[in-house]
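The following exercises are to be worked with the sequence and the three-dimensional model at hand. Each task is followed by a solution in steps.

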Amino acid sequence: MPWTPPPPLRAAYELAPADPCLRTDMEVGAARVRRRTAARLDVVAIEWRLTPYQMAAFRDWYDTDLGGGVAWFAVDLDLGAGIVSCEAQFAEMWKATRPGLMWSVKASVKVR
């Protein structure tokens, strides 16, 4: 069974909905605005607290199972309607600090 990270810390969520509109500036008059997609795509900033063992497993999971963050993965998140299982993909490279015995891993993920 493949390794999966523990649930992210709920207190550290930051939700940023993606703009579904495409805007084109016109030479004269108002900009032309049209909807690019009806699909919801949110960007969520999350944080995991990991033990040293979990941190080693996280790095291997990211590099191997997710192909360096390219693949989508399942994660349980609270996006306003309670905790639901979502598909997520890393939006950018994660960052980690070790303020004590535990690692703090922060990442932005795209959720569909």
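**Exercise 1.** Locate Ala11 relative to strand β1 and decide whether Ala11 is buried or exposed.

Step 1. Ala11 lies in the segment that precedes β1 (14–17), strands being DSSP runs of E with at least two residues and helices runs of H or I with at least four, numbered from the N terminus. Residues are numbered from 1 along each chain as its sequence is written.

Step 2. Ala11 has a relative accessible area of 83% and is therefore exposed (buried means under 20%, exposed over 50%, partly exposed in between, with a 1.4 Å probe and protein chains only).

Step 3. From Ala11 to Tyr53, 42 residues apart along the chain, the C-alpha atoms are separated by 23 Å.

The model is predicted: local features need pLDDT of at least 70, side-chain atom pairs count only at pLDDT 80 or more, totals for chains, interfaces and linings use all residues, and side-chain values use heavy atoms, with hydrogens and water left out.

**Exercise 2.** Describe the surroundings of Tyr13, and state which atom of Asp78 its side chain reaches.

Step 1. Tyr13 also belongs to the segment before β1. Because its relative accessibility is 21%, Tyr13 counts as partly exposed.

Step 2. Apart from neighbours within four places in sequence, Tyr13 is in contact with Pro8, Ala45, Ile46, Asp76, Leu77 and Asp78 (contact means heavy atoms within 4.5 Å).

Step 3. The side chain of Tyr13 reaches the backbone nitrogen of Asp78 at 3.4 Å. This is a polar contact, defined as a pair of N or O atoms within 3.5 Å; within protein, one must be able to donate a hydrogen and the other to accept it, and residues adjacent in sequence count only if both atoms are side-chain atoms.

Step 4. Asp78 itself is part of strand β5 (residues 73–78). Its side chain makes a polar contact with the side chain of Arg10 at 2.6 Å. Beyond four places in sequence, the contacts of Asp78 are Arg10, Tyr13 and Ile83.

**Exercise 3.** Determine the strand that holds Glu87 and the residue with which its side chain makes a polar contact.

Step 1. Strand β6 (residues 83–90) contains Glu87. The relative accessibility of Glu87 is 40%, so this residue counts as partly exposed.

Step 2. Setting aside neighbours within four places in sequence, Glu87 is in contact with Trp72, Phe73, Lys110, Val111 and Arg112.

Step 3. With Arg112, the polar contact of Glu87 runs from side chain to side chain at 3.0 Å.

**Exercise 4.** Explain why Ser108 counts as buried, and list its contacts.

Step 1. Ser108 is in strand β8 (residues 103–111). Ser108 counts as buried because its relative accessibility is 15%.

Step 2. Residues up to four places away in sequence not being counted, Ser108 touches Val43, Val44, Ala45, Gln89, Phe90, Ala91 and Glu92.

**Exercise 5.** Summarise the fold as a whole.

Step 1. Of its 112 residues, 27% count as buried.

Step 2. The C-alpha atoms fill a box of roughly 60 × 30 × 30 Å along the principal axes.

Step 3. Among contacts with a separation of 6 or more, 57% join residues 24 or more positions apart.
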